[in-house]
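Here is a short report on one structure.

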Amino acid sequence: MKNQFSLYIYLSRIEHIINLEDTLKIISKPEPEYVEILDESLLMNQLALTTLNDYMYKYLGLNYIDNIDGIYFGQETCENLIPTLKHVQQAVEFCQNNEYQFTLVTPYVGPKGMERLKKLFEYLNQETSDTEVLVNDFGVLHLINTEYQNLKPVLGRLLIKMKRDPRFSISGFDIANIEIPNLKRVEKNQAEALQAAALELPVFQDFLKGKGVERVAIDVLTQGLDPKILKKWGFPVDFYWPWTYITSSRSCVIAAYTQPGKESHPTDEPCKFQCRKYEFNFRSDKKMLQTVFRGNAVWMCTRSLYEQYFKIASGRLIYEPYIPV
Amino acid sequence: MRIIAGISNAHQPQEIQGYAEAGVDEFFVGYIPKEWSDEYGWELSSNRRETANYQYRSKSDLSNVVELIHGQNKKVYLTVNAHEYNTQQTKLLLRILESISDIDFDGFIVSNVGMLLELQKNGFNQVMNVSIGGGSNNIETLRFFRDNFENIGRFILPRKLTISEIEKISAYASENKIRLEVFGMAAYCVFNDEFCFTWHGPSNKCFCQSPMFEFREMKPLLFDTNWKKEIASEGVGTFYRRLAEIKAEVELMRNEYLVKHPKVKMSVQEVNKLHVLASLNKCGLCAFQKFKEWGIEAVKLPLRGQDFRGNIAITEIAKKVIDQPNASPKYCQDLMSSPNFCSGPNCYYDYPYPK
């Protein structure tokens, strides 16, 4: 019997939740001229769904669509895309009607974003019980701890800062040989350290438990993650798949594209939501996993690593049908 | 308002006096001894710089530089601000810090919460400044650190906060006697450092400076959330028309912006200032007056590893603005004397503000 994960679906648009059946539908293969114009997020929707379907059927004897435990809804990188209260209410209602657990996903925020989150927390704290809030900002964790104690914080993937870089996802990285007596030793130690995080420090685990954190979420990473190391973390560990977060900014590079000469556009200034109109694609001379700049963040597709991670996933698999922007 | 600048073994010890005379009040340094680099190389640094020439390597060099700085009656902080540490790295770093405990730092600069807890547990009672890696983007994060840790010194605010966000945070900070530091000039990056998990360093060029990032390609998004139904019901021609429409719309937005913000050409006089401007890449000088009024304690000039002559020129300009009462943006821009540089894109804090 294979290790069995619980399946959760992470979506950032309310339309995808309301039309969940469509969101998770495997369609017949479109004609090549359509495939050519589909963006990576849409293509990956079909590829990853097929992978998930095949894996769950083959190894777990389950149909993925009937085995969804919960919905993650929200936004991790841009406070301008935090869902409205109405959308959160709709998502909660959808989950209640379908007996799915609901988790609100929150980004790192500036002062205005924090005010937006307070409105959502106010509602969830009063109108729902024990709702999970995934936090990617220690300020948000503190706010929940001090003002919204009915909410259950989950440590998000942006607070576990293990290195990743699409350029070295397949080709590997170089080690600078500057005054290094034993390169092999460094190579081995680096490989170990890259699979680890400060979460393995008991003092940090106790601190987080004291803050009500009961589980943590991380990305699927190309350096691999040793289950023995994950065990040391002292929390159930959930994996995001197939879109791995790489980097992001409160100064949006996508929005700046319509302002030639500017490198970035501050989150705090009026946004025209250019992220709904276009993305950036990358080319590299190195072999690497597919990577796109969508919204204010860079995302790498780790669909191909499914076998390695599905086998060790004993917590939740947080499946992202689309890039969560 | 004070100036804090980074220095390293790339700088001659005698340069410290030059920096102090130019106006630097505080310094920060990194320390990667052989014990660390023999185990983890340079890519996994114990601080946020993954390059050999941004660090001190020997205890004697480090001790010497701290003495020289204190000799100038200036302060010096040690950076312990990598994003992550595993158990082995934590143990090694604590041993290294123990081995230099007789060096009198004025504090540490820390970002990882686990590391902060370990430092406290192991009796390091130094003042702990919260690095930008701590992600102090809002008031609640200041509260998080202040309520949970002793000896918190100053918060270094992330570079991506706007001037109006800094105003809100500093109003709270000043009421609650919380000390703040902001970035002043140079070392801009389009990404939020505290949430950038890519590789840096000499062998693996920063992602943001890589050709892959520089030559990114815009691709219109043709579909919204109902794409599965759309492709089943519409002919492909609809989407090619949409492709052309989005491209045209984006081009129009770009052109409209250019008409409103025409590019200013660089003059010969400005070319003569390239030793300053090239090191800067971004400048927040016009915001200094506001920072002073809001009680910001320090501005950071991250000049480590850069040319001494340019660094001194930058420091002197920053100092002039700090010392000038009511230093207006015009005063600052006259000091830069580079209309091209001050034409917009090089602003740290997106002047003119508010929009």
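Buried area is the accessible area, taken with a 1.4 Å probe, that two parts lose on being put together, summed over both. The model is predicted. Between chain B and chain A, the buried area is about 9,200 Å². Carbon and sulfur atoms give 61% of that area.

**The interface of chain B with chain A**

The contact involves 91 residues of chain B and 106 residues of chain A.

| Item between chain B and chain A | Count |
|---|---|
| Salt bridges | 9 salt bridges |
| Polar contacts (both residues at pLDDT 80 or more) | 50 residue pairs |

Helix α10 (residues 236-260) of chain B gives the largest share of the side of chain B that touches chain A: 10 residues. By class, that side of chain B has 39 nonpolar, 29 charged and 23 polar residues. One salt bridge joins the side chains of Glu50(B) and Lys163(A), at 3.4 Å from N to O.

**Two helices of chain A**

Within chain A, helix α6 (residues 111-127) packs with helix α7 (residues 138-147). The angle is about 35 degrees, and the axes lie 12 Å apart. The crossing of α6(A) past α7(A) is right-handed.

Which residues of α6(A) meet α7(A)? They are Met114(A), Leu117(A), Lys118(A), Phe121(A) and Asn125(A). On α7(A), the partners are Gly139(A), Val140(A), Leu143(A), Ile144(A) and Glu147(A). The residues of this contact of α6(A) with α7(A) divide into 6 nonpolar, 2 polar and 2 charged.

How values were computed: Residues are numbered from 1 along each chain as its sequence is written. Chains are lettered from A and ligands numbered from 1 in the order in which they are written. This is a predicted model: local features need pLDDT of at least 70, side-chain atom pairs count only at pLDDT 80 or more; totals for chains, interfaces and linings use all residues. Side-chain values use heavy atoms; hydrogens and water are left out. Axes are lines fitted to C-alpha atoms, for helices over the stretch in contact, and angles run from 0 to 180 degrees between N-to-C directions. Helices (H or I, at least four residues) and strands (E, at least two) are DSSP runs, numbered from the N terminus. A crossing is left-handed if the near helix is turned anticlockwise from the far one by less than a right angle, and right-handed if clockwise. Contact means heavy atoms within 4.5 Å. Ala, Val, Leu, Ile, Met, Phe, Trp, Tyr, Cys and Pro count as nonpolar, Asp, Glu, Lys and Arg as charged, and the others, Gly among them, as polar. A salt bridge is a side-chain nitrogen of Lys or Arg within 4 Å of a carboxyl oxygen of Asp or Glu. A polar contact is a pair of N or O atoms within 3.5 Å; within protein, one must be able to donate a hydrogen and the other to accept it, and residues adjacent in sequence count only if both atoms are side-chain atoms.
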